[in-house]
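Me: I would like a close look at a single part of this model. Please keep the answer plain and connected.

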Amino acid sequence: MAFLQAVNMGLRFVLELCLLAALGYWGFQLDLGWPLRIAATIGAPLLTAVIWGLLIAPKASHRLTDPWRFVMEIVLFAVGAGALYLAGRPSAGAALFVIFLINRLLMMLWSR
């Protein structure tokens, strides 16, 4: 069981990276001029990483308590899934969100 928990925590980290990548991909796919595309490509993941680092991360300075942390995670991953949908990758967005929900459910069941 400890091995499965470790794998799930590793998956959690990969999901967080996928969230940032999804937002960067969305920014790059925008039909705007290059300066705005570059700003969105860098800015959206950066803003998300700052929010995650301040409110959700285990060592966050202003870590939210449950259930608010869980709500914020759902919001951020829903935004990432929506960004993939808007970028023309609806299947990838749905997969990101569903895998996140399964991962988070397992974390809650295993109290991590």
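At what angle do the axes of helix α3 and helix α4 cross, and within what distance do they come?

Reply: The model is a predicted one. In it, the axes of helix α3 (residues 68–86) and helix α4 (residues 90–109) cross at roughly 160° and come within 7 Å. An angle over 145° counts as roughly antiparallel, so α3 is roughly antiparallel to α4. The crossing of the two helices is right-handed.

On the α3 side, the residues in contact are R69, F70, E73, I74, F77, A78, G80, A81, L84 and Y85. They meet P90, A92, G93, L96, F97, F100, R104 and M108 in α4. Sorted by class, this contact has 13 nonpolar, 2 polar and 3 charged residues. As background to such lists, an α-helix has 3.6 residues a turn, so residues three or four places apart point the same way.

One of the α4 residues in this contact, L96, also has a neighbour from elsewhere in the sequence: C18 lies 78 residues away along the chain, yet the two C-alpha atoms are 7.7 Å apart. C18 belongs to helix α1. Its relative accessibility is 35%, so C18 counts as partly exposed.

Helix α3 has a further partner in α2, whose buried residues pack against α1 (2–29) and α3. Those buried residues of α2 are R37, A40, A44, P45, T48 and W52. Helix α2 (residues 34–55) has 22 residues, which at 1.5 Å a residue should span 32 Å; the C-alpha atoms at its ends are 31 Å apart, so the two values agree.

Methods
Residues numbered from 1 in each chain as written. Predicted model: local features only at pLDDT ≥ 70, side-chain atom pairs only at ≥ 80, totals over all residues. Heavy atoms only, no water. Axes fitted to C-alpha atoms, helices over the stretch in contact; angles between N-to-C directions. Helix = DSSP H or I, 4+ residues; strand = E, 2+ residues; numbered from the N terminus. Parallel < 35°, antiparallel > 145°, perpendicular 65-115°, else oblique. Left-handed = near helix turned anticlockwise from the far one by under 90°. Contact = heavy atoms within 4.5 Å. Nonpolar A, V, L, I, M, F, W, Y, C, P; charged D, E, K, R; others polar. Expected span 1.5 Å × (residues − 1). Buried < 20%, exposed > 50% of the residue type's maximum accessible area, 1.4 Å probe, protein only.
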